[in-house]
Amino acid sequence: MPTKQRTTTKSKTYKEPDQPNKICQELLNAIDKGVNPWEREWRVDGAKRPTNFATGEQYQNSNIPLLYLYEGSRGYSTSYFAGYKQGQDLGLGKVRSGEKCCYCIQPQLVKKIENEGKPDQKDNSFMIYRYRPVFNLDQWETTPEKKELEKKLKGDQAPGATVPRYEKAEEVIQAYLKRNKSLKFRYAGDRNFYNSELDQVTICERDRFYNEASCYSTIFHELGHSSGHSSRLDRKLGTGYGSADYAYEEMLVEAASFQIAVKLDVPKTKPDNHASYLDSWSKCLRLKDGSKKLITALTKSTAIANYILGEDQK
């Protein structure tokens with residue numbers, strides 16, 4: 001009797017889709033069109049920052065600039081997002097044909113303890129990042145359920161209904177300077193920069209800004225650079241203008257500045273040196289490992305934002 005040969009099949013291994021490259025390319029496409037995906041001078045609905053329309057929870061940390069990237073580059077009129085199943089559970093029906101999903105980053109701690117319970121126990125845990133698909137509310141087919149949800153979400157927070165509270169920004173700036181007594185801060189001239197050798201932030205005279213919003217976003221940008229001082233978060237500073245390191249540092253602090261402005265309800269409007277920021281992003285993203293640098297910058301910028309806000313002290 002012939003013996004049956006046993007066949008084996010290789011088990012499929014899960015491979016995370018190459019989302020960093022897709023996100024990187026979307027940002028480059030927006031920049032090439034002359035669009036800053038993170039700039040908006042008006043509020044279009046009740047969401048002050050990217051919010052899950054199913055749970056009402058605001059997206060956090062690196063997902064703030066990431067979802068604003070999608071919103072700005074694709075021209076969405078709202079800051080509300082949610083997963084496909086979450087939308088269906090609300091009775092929204094289907095996403096419009098041809099629409100592409102957006103992605104948010106979900107950090108996950110992988111615990112790896114060596115010699116657990118022993119005197120030489122070592123914690124080798126590390127973070128991995130998953131990319132979860134979400135859809136903007138604009139992407140769903142128009143149904144009575146969607147219209148009712150939009151009406152509920154907008155509420156009394158229609159455009160122009162609220163005024164940003166700038167005193168919150170002043171409190172953060174003063175608290176940061178108080179915690180970092182060696183850092184010098186001044187208003188002078190017509191340039192904005194951080195001198196790492198002098199450990200000094202210089203902001204142009206306030207009457208040179210278009211409005212208070214552009215002033216605060218610029219201040220947080222330069223304070224972001226100051227966070228890289230060797231006595232603080234210790235990053236590589238002082239590299240030449242136009243270099244890859246310079247461009248990467250610009251990516252970090254502009255994303256951090258944006259997160260701070262959103263968290264403090266400071267409306268983000270165009271600063272004087274807006275074009276040079278985009279140029280730095282473009283140069284860095286076009287490098288061979290540009291997509292990796294983008295995701296790293298978005299996650300690292302959260303640490304910078306939290307450091308300036310003092311949230312790492314809590």
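**Cysteines, then the sheet**

Reply: Cys-104 counts as buried, at 8% relative accessibility. Bear in mind that this is a predicted model.

Me: How far is the sulfur of Cys-104 from the closest cysteine sulfur?

Reply: It is 9.3 Å from the sulfur of Cys-102. That is too far for a bond, because a disulfide needs the two sulfurs within 2.5 Å.

Me: And Cys-102, buried or exposed?

Reply: Cys-102 is buried, with a relative accessible area of 0%.

Me: How many disulfides does the structure hold?

Reply: The count is 0. Cys-102 is in none; its nearest cysteine sulfur belongs to Cys-101, 6.9 Å away.

Me: OK, switching to the sheet. What's the strand order?

Reply: S1-S2-S6-S3. Those 4 strands make an open sheet with mixed pairing.

Me: Which strands stand at the edges?

Reply: S1 (51–52) and S3 (102–110). Each has a single partner strand, so one side of each lacks a neighbour in the sheet.

Me: Which residue of S2 does Asn-52 stand opposite?

Reply: Phe-81.

Me: Which strands does helix H2 touch?

Reply: H2 (residues 63–74) packs on the sheet and touches S2, S3 and S6 (126–136).

Me: What angle does H2 make with S3?

Reply: The direction of H2 makes about 165 degrees with that of S3.

Technical notes
Residues are numbered from 1 along each chain as its sequence is written. This is a predicted model: local features need pLDDT of at least 70, side-chain atom pairs count only at pLDDT 80 or more; totals for chains, interfaces and linings use all residues. Side-chain values use heavy atoms; hydrogens and water are left out. Two strands pair if DSSP finds at least two bridges between them. Helices (H or I, at least four residues) and strands (E, at least two) are DSSP runs, numbered from the N terminus. Contact means heavy atoms within 4.5 Å. Axes are lines fitted to C-alpha atoms, for helices over the stretch in contact, and angles run from 0 to 180 degrees between N-to-C directions. Buried means under 20% relative accessible area, exposed over 50%, partly exposed in between (1.4 Å probe, protein chains only).
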